[in-house]
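Hi,

Here is the structure I promised to pass on. Have a look at it first, then read my notes below.

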Amino acid sequence: INGFNFGLSVKDEVKLASLGYNKKLKQDDLEYNVGFSFKSDLGENNIVNLKSEIKKWLSEKVNIFGLYKHEYYNEKEDFQFKVGLGVKL
């Protein structure tokens with residue numbers, strides 16, 4: 001609903017929960033995507049993901065983009081940056 005999502009599952013006494021938000025904004029030839037998700041076994045294992053991407057469309061099928069991802073997994077973290085050229089097939 002409005003970019004938010006929620007999930008809960010139970011199987012053989014194993015519980016899993018997820019919560020997230022995704023939003024896409026467009027203005028002329030610029031596009032911005034942002035996302036956040038949180039996943040947990042409702043115990044010690046938790047994963048948090050953050051993602052942000054901006055695209056500048058050069059034509060209907062070609063864009064340049066910048067991407068940022070950050071992930072936290074039980075107090076460990078990983079991140080990546082990408083800059084590139086995208087082609088829509």
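**The largest pocket**

The largest pocket has 20 residues in its lining, and those nearest its centre are Gly 35, Asn 49, Leu 50, Lys 51 and Lys 69. Elements that each give two or more residues to this lining are β2, β3, β4 (46-57), β5 (62-73) and β6 (76-87). Before you go further, keep in mind that this is a predicted model. The space in the largest pocket comes to about 280 Å³. Sorted by class, its lining has 10 polar, 5 charged and 5 nonpolar residues.

**How the strands pair**

Now for the start of the chain. Strand β1 (residues 4-11) runs antiparallel to strand β2 (residues 14-27), and the two pair over 8 bridges. β1 and β2 make a hairpin with 2 residues between them, and Asp 12 in the turn has a positive phi of about 50°.

β2 also pairs with β3, again in the antiparallel sense, over 11 bridges. Here Leu 25 is opposite Tyr 32 in β3. This hairpin has 2 residues between the strands, and Asp 28 takes a positive phi near 55°.

**A buried glutamate**

Is Glu 31 buried or exposed? Its relative accessibility is 5%, and buried means under 20%, so Glu 31 counts as buried. You'll find Glu 31 in strand β3 (residues 30-40). What does its side chain make a polar contact with? The partner is the side chain of Trp 57, at 3.1 Å. Leaving aside residues up to four places away in sequence, Glu 31 touches Lys 24, Leu 25, Lys 26, Glu 53, Ile 54, Lys 55 and Trp 57.

**Two loop residues to check**

Most residues other than glycine have a negative phi. With that in mind, look at Leu 42, which is not a glycine and yet has a positive phi of about 60°. Leu 42 is in the loop between β3 and β4. Its relative accessible area is 53%, so Leu 42 is exposed.

Glu 75 is another one: not a glycine either, but with a positive phi of about 75°. Where is Glu 75? Look in the loop between β5 and β6. Glu 75 counts as exposed because its relative accessibility is 83%.

Cheers

Notes: Residues numbered from 1 in each chain as written. Predicted model: local features only at pLDDT ≥ 70, side-chain atom pairs only at ≥ 80, totals over all residues. Heavy atoms only, no water. Helix = DSSP H or I, 4+ residues; strand = E, 2+ residues; numbered from the N terminus. Buried < 20%, exposed > 50% of the residue type's maximum accessible area, 1.4 Å probe, protein only. Polar contact = N/O pair within 3.5 Å; in protein donor to acceptor, adjacent residues only side chain to side chain. Contact = heavy atoms within 4.5 Å. Pairing = 2+ DSSP bridges. 1 Å grid on protein atoms, 1.4 Å probe; cavity = no way out; pocket = protein on both sides within 12 Å on 5 of 7 lines; lining within 4 Å. Points joined across faces, edges and corners; volume = space filled by probe spheres on them. Nonpolar A, V, L, I, M, F, W, Y, C, P; charged D, E, K, R; others polar.
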